[in-house]
Amino acid sequence: MNSSQTADKQQRSLMEPGVIIAIVLGFILPGAGHLYLKKLARAAIYFVSITSLVIAGVLLHGTLFSLLRMNSGNGFLQLLASIGNLGLGLGHFILHAFNLGNSDITIRTNEYGTTFLIVAALLNVLVVLNAMDIAVGEKE
Amino acid sequence: MSHFISLIFISFFVSVVFGLLMRNEPKAQIIYGVKMFFGLVGFAILAGWLLYFLPW
């Protein structure tokens, strides 16, 4: 089997419903993709870890950079932060809907909270990619 | 939440997630996670001390 055939097979398997469902669920709720793939322990740990970081980020008055807010168009770095925060998936829009993560930057813990939120979002992207690899069969 | 507790908090959860992501065997996951945790905390403290000597 040559490389083009391998790539073609990989592409086909990425389009299978099970893989797409795992990815979508991962972006709806942290760890849900792994739950769908019957990796219960990992799903629980991912959920607790990422959710804890998000809750801590909100409690520390972090800023959720969002493309839906005016504060995201002010600079290239803020644009990158906004794209990164999209990794939270549905959680991003829930926080936005409840006006959470729209804190004053003069609050002392704002930088920490903002970091917590971005790290949680980026970790969720890695977790979703891991769920995709498991669904495809590249990882166990 | 103090600076140090914040550091411990984020380092712990990042280490847990990376440990699970980067290794497959449970023992290897724990070792990787512990190494990463102490690496993150140790480097942050070291960087803090180095920055302390900067005059500006």
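Is A:Lys38 buried or exposed? With a relative accessibility of 70%, A:Lys38 counts as exposed, because the threshold for that class is over 50%. The model discussed in this report is predicted.

## Architecture of chain A

Chain A contains seven helices and zero strands. Read from the N terminus, its elements follow the order α-α-α-α-α-α-α. Of the 140 residues in chain A, 40% are buried.

When contacts in chain A between residues at least 6 apart in sequence are considered, 69% of them join residues at least 24 apart. One separation of this kind can be given for A:Pro30 and A:Val128, which lie 98 residues apart along the chain and have C-alpha atoms 8.1 Å from each other.

## Positive phi angles in loops

Two residues of chain A call for attention on account of their backbone angles. Most residues other than glycine have a negative phi. A:Lys38, although not a glycine, has a positive phi of about 65°. This residue sits in the loop that runs between helix 3 (32–36) and helix 4 (40–59) of chain A, and A:Lys38 is exposed there, at 70% relative accessibility.

A:Asn99 likewise is not a glycine and has a positive phi, of about 60°. Its loop lies between helix 6 (90–97) and helix 7 (110–136) of chain A. A:Asn99 counts as partly exposed, because its relative accessibility of 48% falls between the limits of 20% and 50%.

## Buried sites in chain A

A:Pro30 occupies the loop between helix 2 (17–28) and helix 3 of chain A. Its relative accessible area is 12%, so A:Pro30 is classed as buried, the limit being under 20%. Neighbours within four places in sequence aside, A:Pro30 is in contact with A:Ala43, A:Tyr46, A:Phe47, A:Ile50 and A:Asn124.

A:His92 belongs to helix 6 of chain A. This histidine has a relative accessible area of 1% and is therefore buried. Its contacts, again leaving aside neighbours within four places in sequence, are with A:Leu64, A:Phe65, A:Ser66, A:Asn85 and A:Leu86.

## Helix 1 of chain B

Helix 1 of chain B covers residues 3–22, a total of 20 residues. From its first C-alpha to its last the helix reaches 28 Å, which is close to the 28 Å expected at 1.5 Å a residue.

Buried residues in helix 1 of chain B include B:Ser6, B:Ile10, B:Ser11, B:Phe13 and B:Val14. Further along the helix, B:Ser15, B:Val17, B:Gly19, B:Leu20 and B:Leu21 are also buried. The cover over these buried residues includes helix 4 and helix 7 of chain A, together with helix 2 (26–52) of chain B.

## Aromatic pairs

Over all chains, the count of aromatic pairs comes to six. One of them joins B:Phe12 and B:Phe13 in an edge-to-face arrangement, with 5.2 Å from centre to centre and 75° between the planes. B:Phe12 is partly exposed, at 45% relative accessibility, whereas B:Phe13 is buried, at 11%. A pair formed by B:Phe37 and B:Phe38 is also edge-to-face, at 5.3 Å centre to centre and 80° between the planes. Here B:Phe37 is buried, with a relative accessible area of 18%, and B:Phe38 is exposed, with 55%.

Ring pairs also join residues of both chains: A:Phe116, B:Phe9, B:Phe12 and B:Phe13 are linked into a cluster.

## The interface between chains A and B

The size of an interface is often given as the accessible area lost when the parts come together. Chain A and chain B bury about 1500 Å² between them, and 78% of this area is on carbon and sulfur atoms. The elements that give two or more residues to the side of chain A touching chain B are helix 4 and helix 7 of chain A. In terms of contacts, 18 residues of chain A meet twelve residues of chain B.

Polar pairing across this interface can be stated briefly. Zero salt bridges are found between chain A and chain B. One residue pair is in polar contact across the interface, with both residues at pLDDT 80 or more.

Conventions
Residues are numbered from 1 along each chain as its sequence is written. Chains are lettered from A and ligands numbered from 1 in the order in which they are written. This is a predicted model: local features need pLDDT of at least 70, side-chain atom pairs count only at pLDDT 80 or more; totals for chains, interfaces and linings use all residues. Side-chain values use heavy atoms; hydrogens and water are left out. Helices (H or I, at least four residues) and strands (E, at least two) are DSSP runs, numbered from the N terminus. Buried means under 20% relative accessible area, exposed over 50%, partly exposed in between (1.4 Å probe, protein chains only). Rings of Phe, Tyr and Trp (its six-membered ring) pair if their centres lie within 6.5 Å; planes under 30 degrees apart count as stacked, over 60 as edge-to-face and the rest as tilted. The expected span of a helix is 1.5 Å times one less than its number of residues. Contact means heavy atoms within 4.5 Å. Buried area is the accessible area (1.4 Å probe) that two parts lose on being put together, summed over both. A salt bridge is a side-chain nitrogen of Lys or Arg within 4 Å of a carboxyl oxygen of Asp or Glu. A polar contact is a pair of N or O atoms within 3.5 Å; within protein, one must be able to donate a hydrogen and the other to accept it, and residues adjacent in sequence count only if both atoms are side-chain atoms.
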